[in-house]
Amino acid sequence: MKPSDEDQLRRAFDVAESALEHGNHPFGAILVGPDGEVLLEAENGYLPDGDMTAHAERLLATAACKAFEPDELAECTLYSSAEPCAMCAGAIYWAGIGRVVYGLSEARLKTITGDHAENPTLDLPCRTVFAAGQRKVEVVGPLLEDEAAEQHVGVWD
């Protein structure tokens with residue numbers, strides 16, 4: 001039986017937890033094929049270089065472009081612990097990934113991080129970014145948002 005969106009999203013939460021254990025911010029993403037198989041995963045990569053563009057979703061989209069053909073990616077789902085920011089949504093769009101499921105919304109993330117210098121949250125819904133494109137990207141979320149928010153407790157203090 002194919003795992004549910006909730007099951008796959010919890011796998012992305014596990015990747016986010018791994019990022020935190022590696023000293024990074026708690027964000028994670030996985031790419032899942034149409035059969036439910038996890039094809040790729042990516043943690044937030046802010047450290048050690050301080051790369052503010054090394055969001056998990058952007059890193060995953062880049063890896064996906066290199067590993068899979070566009071017609072394959074159109075059938076895949078990217079599960080993300082938090083809503084893809086505008087930069088990441090753009091990367092997902094250009095990669096051609098057909099579906100996104102996320103946990104924590106950007107709006108709620110902003111209430112958690114405040115004006116933290118390492119996460120000046122860009123509160124622009126990914127649906128807005130995708131709607132501006134010519135290719136359809138299905139979006140589900142926020143899903144399991146309270147669970148997703150728990151990963152950020154104490155991180156941005």
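In which helix does Glu72 lie? In this predicted model, Glu72 belongs to helix H3, which spans residues 70–73, and together with Glu69, Asp71 and Glu75 it forms a negative surface patch.

**Negative patch**

**Strand E3 and its partners**
- Strand E3, residues 77–82, is largely enclosed by the rest of the structure, because 6 of its 6 residues are buried.
- Strand E1 (residues 28–32) pairs with E3 in the antiparallel sense over 4 bridges, and within this pairing Ala29 stands opposite Ser80 of E3.
- Strand E4 (residues 99–104) pairs with E3 in the parallel sense over 5 bridges, with Leu104 in E4 as the bridge partner of Ala82.

**Salt bridges**
- The count of salt bridges comes to 5, and one of them joins Arg10 to Glu147, whose closest N and O atoms are 2.8 Å apart.
- This pair links distant parts of the chain, with Arg10 in helix H1 (residues 5–21) and Glu147 in helix H7, 137 residues apart; Arg10 is partly exposed at 33% relative accessibility, and Glu147 is partly exposed at 29%.
- Glu138 and Arg99 meet through their side chains in a salt bridge with an N to O distance of 3.3 Å, and because Glu138 lies in strand E5 and Arg99 in strand E4, the pair ties together parts that are 39 residues apart in sequence.
- Glu138 is partly exposed at 35% relative accessibility, whereas Arg99 is buried, with a relative accessible area of 18%.
- Arg108 forms a salt bridge with Asp146, the closest N and O atoms being 2.7 Å apart, and this pair connects helix H5 (residues 106–113), which holds Arg108, to helix H7, which holds Asp146, across 38 residues.
- Arg108 counts as partly exposed at 28% relative accessibility, while Asp146 counts as exposed at 52%.

**Backbone features in loops**
- The peptide bond from Leu47 to Pro48 is cis, with omega near 15 degrees, and Pro48 is found in the loop between strand E2 (38–43) and helix H2 (56–67).
- The bond from Gly141 to Pro142 is also a cis peptide bond, with omega near 0 degrees, and Pro142 lies in the loop between strand E5 (138–140) and helix H7 (145–150).
- Leu144, which lies in the loop between E5 and H7, has a positive phi of about 55 degrees although it is not a glycine, and at 22% relative accessibility Leu144 counts as partly exposed.

Technical notes:
Residues numbered from 1 in each chain as written. Predicted model: local features only at pLDDT ≥ 70, side-chain atom pairs only at ≥ 80, totals over all residues. Heavy atoms only, no water. Patch = residues over 30% accessible without salt bridge, like charges linked within 9 Å, V, L, I, M, F, W, Y side chains within 5 Å. Areas by Shrake-Rupley, 256 points an atom, 1.4 Å probe, with all protein chains shown as cover. Salt bridge = Lys/Arg side-chain N within 4 Å of Asp/Glu carboxyl O. Lys, Arg positive; Asp, Glu negative; His and termini not counted. Charge placed at Lys NZ, Arg CZ, Asp CG, Glu CD. Helix = DSSP H or I, 4+ residues; strand = E, 2+ residues; numbered from the N terminus. Buried < 20%, exposed > 50% of the residue type's maximum accessible area, 1.4 Å probe, protein only. Pairing = 2+ DSSP bridges.
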